[in-house]
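Here are a few friendly notes to read with the model open beside you. Take them one at a time and find each item as you go.

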Amino acid sequence: MRGISISELGTIDVMKLVTNLPKPTPTGKQVLINVKYAGVNPVDTYIRSGAFGKATPEFPFTPGYDGSGIVHQIGDQVTQIKEGDRVWFVKCLTGSSAEYCLCNEEAVGGLPEPSSFEVGAMIGTPYMTAYRAIFQKAHVKKGETVLIHGATGGVGNACVQMCKNIGCRVIGTAGSTEGADMLVKLGADAVFNHRTDGYIDKIAKSGEKINVIIEMLANVNLQSDLELIEPNGRIAIVGNRGNVEINPRLMMKNEITVTGVMAGAISLEELEESLQCKEYIKQGLQAGWIKPVLWKAFELQQIGQAHEEIITNKGAKGQMVLKI
């Protein structure tokens, strides 16, 4: 089958488009999906380059965890999914940048009409990560004010939508005018440009009482977060690209909780946790308030360009997908 193969870690050049990948066969509780679109997330680039440590798969491997498609074949122990179902998936076992991929049943969610396959490919890692950050780590409640520090990417978009859905006041930061406009359309109550000088002071002087911060670039922003947040606030770190120096006394004085969130880390082995998240996403899709924002769609052979842009862009404006 056609797909992307990686035989060594490195730059985008290690990703090769091939036509002779073996087509997997599902057994037990596994599901074989005919992939229509694959999601593109920063974590994919970290794994490809070797920055993800022990999480690197065995060579050769196909990149990508997320995607959408049609169930082609199921194992003999699958009970909740049938052949022909439209689905989205996360944490696939064989890589989503190929015509077919293998998933555990717990990692697959239904994609209700009229949601497109492009939408389905943008659900997995971003929305499951957002769910974990908001509800399982930061324990966000109705009526609280939440700062999404870096809100224009996939996880940031999902956080805005989820927080607005439960009745929070949402402050978002963006790196461009287009990104700021997108956040307003998603329902953000206030937006600041994090590429302008003094934007932290503007937030501090705005009178906002920030209870929770979802942080996408902790190595740059964590000290500022500690200065902005209210006493007994919670900071959930979703993204980081280096070291940071902070003053822990701010955490002590104001009894601030700082916690890490691993991308897509909802345990698929813990079935109840996974089912709760998938049901929440299903309801959001059906009700129409879950609306992933498509920024760019690439052909499969353009995967290198997608990997470059998701890391080097100067202001995300939604998500990227690969058409398989």
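1. Helices (H or I, at least four residues) and strands (E, at least two) are DSSP runs, numbered from the N terminus. By that count, the protein has 10 helices and 15 strands. The radius of gyration, taken over C-alpha atoms, is 20 Å, close to the 20 Å of the globule rule (2.2 Å times the number of residues to the power 0.38) for 324 residues, so the protein is as compact as a globular protein of that length.

2. Before going on, please note that this is a predicted model, where local features need pLDDT of at least 70, side-chain atom pairs count only at pLDDT 80 or more, and totals for chains, interfaces and linings use all residues. Residues are numbered from 1 along each chain as its sequence is written, and side-chain values use heavy atoms, leaving out hydrogens and water.

3. How much of the protein is buried? Of its 324 residues, 55% count as buried, meaning under 20% relative accessible area with a 1.4 Å probe, protein chains only.

4. Now look inside. A nonpolar core is a set of buried Ala, Val, Leu, Ile, Met, Phe, Trp, Tyr and Cys residues joined through side-chain atoms within 4.5 Å. The largest one has 47 residues, and V146, I148, C159, L183, I214 and I281 touch the most other members. Elements that each supply at least two residues include α3 (124-137), β8 (145-149) and α9 (271-287).

5. Leaving aside neighbours within four places in sequence, C159 is in contact (heavy atoms within 4.5 Å) with A130, I134, I148, I214 and M216. A second, separate core of 29 residues includes I33, I81, C103 and I310.

Conventions. Buried < 20%, exposed > 50% of the residue type's maximum accessible area, 1.4 Å probe, protein only.
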